[in-house]
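Here is a friendly walk through one protein model, with salt bridges, a pocket and a loop residue as the stops. Please keep the structure open while you read.

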Amino acid sequence: MVQSPPLRTIVVFGYADIYSCCDQIPMLLQYHPIGLEGFDDGLIDDQRKKGLHKDEVALFPEGRGWLIVEFGGNGKEEANGQARKLMERLKSQDHSPAMRLSDDPAQEALIWSVRESALLTKLGLDYQTLDSGCCGMAGAFGFEKGHYAISMQIGKRVLLPAVRQAEPETLIIADGFSCREQIEQSTDRYALHLAQVIQMALHEGQGGATGEGDEGGAEQAKPFSVTGVSYFDSDGNERELKAKVVIVSGYAIETPRLLLNSACPGFENGLANSSGTVGKYLMVQIGNVVLARFEDPVRMYKAPPAHALTEEFYETDPKRDFARGFAIQTVGPLPIAFSKQMLVAKSAWGWGMRRVMMDYNHWAALGVLGEILPWEENRVTLADETDHYGLRVAKVTFRLHDNDKKVAKAGVEKTTEIMYAAGAQEVVEEPRYAHLVGGARMGNDPRTSVTDSFGRTHDIANLFVCDGSLLPTQGSANPGLTIQALAARTADYIISNGKHLLSDYPETVSVAHPPARQNMSPAGTANKGVPRIK
């Protein structure tokens, strides 16, 4: 172990991203720091979103990636000397990082606490778990507890020689992105970030990692990733298509079915399903059509079918005995659809159907769009029955709860009231449902959701879901535009992080929040009417 100096000084450098930090590591090591930690904006963003450590986070300079560099000495001048030399050198560079020096022990403790708390918040761990994890997995090298476990405090004098002397198949764990970078550049050895190993150890129920070939060995401890997809060709032969990134877009039934059918070691209950949420919270939308006959002709086919909408009754109203609500929109069923509605609403058939159809121009329709809540037991599972390829088909379990029934009843009653207020002579209703969503919902908590807000699965960094199964709630509007917007957002995220998604470290995020697009029109079409393909 390295002897701890009596006095310490830290400098925090802020860079554009964590990769700019890594580029600086070889130069920083020339100044012999006793500690060097690097982390990206994802950890800090978690703190900001949750309103944690506001004063402490303010101690960090501007940036999207940070290096905490620690120097030590027998006195303050000695500790500060190397720190100031490094700062002067960096200030002379063309793209100098933002920087802040602190030689106040209390302030230094606050800065370290942000890093520690950020990691814990990200993983949902406590300090005891983190410390035991560090000792359990790094103890082979005799490193101490806490954030100094496998840190650059050990540096070239202890860490790298220990890595080089380890057996070839030994898994190397690095506490910090900068530490991992130095291990791999200086020793040509593969290294994992400590956070990844803790996540995998918790997922697998094991507290350590061993060499390849041992039970619970290196192969199991590597970050989970998908390598492609298998499919059947037109002749029924199973083939495999390799891919660096896989996007599943089978929608609310087939996306869960595919993930559940892709169970494998580590994901015995379905791929990306450590939460047990895949297939759950399936939702439809109340879509009753209320039709009214008027004395004067209406000719509803002459107007756009859905050109007006009210959400006056959409939000939860404490005066009502149910949560959420419904919207009412205009609909304009053409004759074939109208005949189906009259078959259901009036049991029209034969000559009775002909009489109703001859009266078509006197009818108008309004649609109820009611929000059905996400219920865990409404779900997609795998049936025992298989398709012609031998793959288990989807089994859908769904029922309406009391709240859903009350929303539908209130929506139909209000719409009927509107029709009679407009002068209707007769009002009938077709009960129906529409807009299936859910089954692989997104969320911030990996314990209760399948993906994050960009459709990236919590369990597997290079696996995305991009369809209506992402939606965690239904709402009271057609989901199509929302699904399109989410798809564009996911595409921007993949493009912005493509460098690392296509690398050996797909879990690395360089751009946590791609900028919002203000104009998604094809080139040359903005503000020029309907785009035409030449």
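Lysine 409, at 53% relative accessibility, counts as exposed. Both residues belong to helix 14 and sit four residues apart, about one turn of the helix.

Elsewhere, salt bridges with shared partners link Glu254, Arg257 and Asp387 into one network. Please keep in mind throughout that this is a predicted model.

## The overall picture

Stepping back, the protein has 534 residues, and 48% of them are buried. Its secondary structure comprises 16 helices and 19 strands. The exposed surface comes to about 27000 Å², with carbon and sulfur atoms supplying 52% of that area.

How far apart in sequence are the residues that touch? If you take the contacts between residues at least 6 apart in sequence, 70% of them join residues at least 24 apart.

## Salt bridges between separate parts

Searching the whole structure turns up 17 salt bridges. One of them pairs lysine 346 with glutamate 426, whose closest N and O atoms are 2.6 Å apart. Lysine 346 is in helix 12 (residues 335-346) and glutamate 426 is in strand 17 (residues 426-430), so this pair ties together parts that lie 80 residues apart in sequence.

Another salt bridge joins the side chains of arginine 399 and glutamate 377, at 3.9 Å from N to O. Arginine 399 sits in the loop between strand 16 (392-397) and helix 14 (402-421), while glutamate 377 sits in the loop between strand 14 (363-371) and strand 15 (379-386), so the pair ties together parts 22 residues apart in sequence. The N to O distance of 3.9 Å still qualifies, because a salt bridge here requires the nitrogen to be within 4 Å of the carboxyl oxygen. Arginine 399 is partly exposed, at a relative accessible area of 46%. Glutamate 377 is also partly exposed, at 38%.

## The second largest pocket

Rolling a probe the size of a water molecule over the atoms shows where empty space is left. In this model, the second largest pocket holds about 640 Å³ of space. Its lining has 24 residues, and the closest to the centre are Gly228, Val229, Ser230, Leu258 and Ser262.

Which elements build the lining of this pocket? At least two residues each come from strand 7 (228-232), strand 8 (238-242), strand 9 (246-248) and helix 11 (251-261). Sorted by class, the lining has 13 nonpolar residues, six polar ones and five charged ones.

## Methionine 442 in its loop

The last stop is methionine 442, found in the loop between strand 18 (433-437) and strand 19 (463-465).

What surrounds methionine 442? Leaving aside residues up to four places away in sequence, methionine 442 touches Ser449, Thr451, Asp452, Ser453, Leu470, Pro472 and Leu486. Between methionine 442 and leucine 471, the C-alpha to C-alpha distance is 6.6 Å, although 29 residues separate them in sequence.

Conventions: Residues numbered from 1 in each chain as written. Heavy atoms only, no water. Buried < 20%, exposed > 50% of the residue type's maximum accessible area, 1.4 Å probe, protein only. 1 Å grid on protein atoms, 1.4 Å probe; cavity = no way out; pocket = protein on both sides within 12 Å on 5 of 7 lines; lining within 4 Å. Points joined across faces, edges and corners; volume = space filled by probe spheres on them. Nonpolar A, V, L, I, M, F, W, Y, C, P; charged D, E, K, R; others polar. Contact = heavy atoms within 4.5 Å. Areas by Shrake-Rupley, 256 points an atom, 1.4 Å probe, with all protein chains shown as cover.
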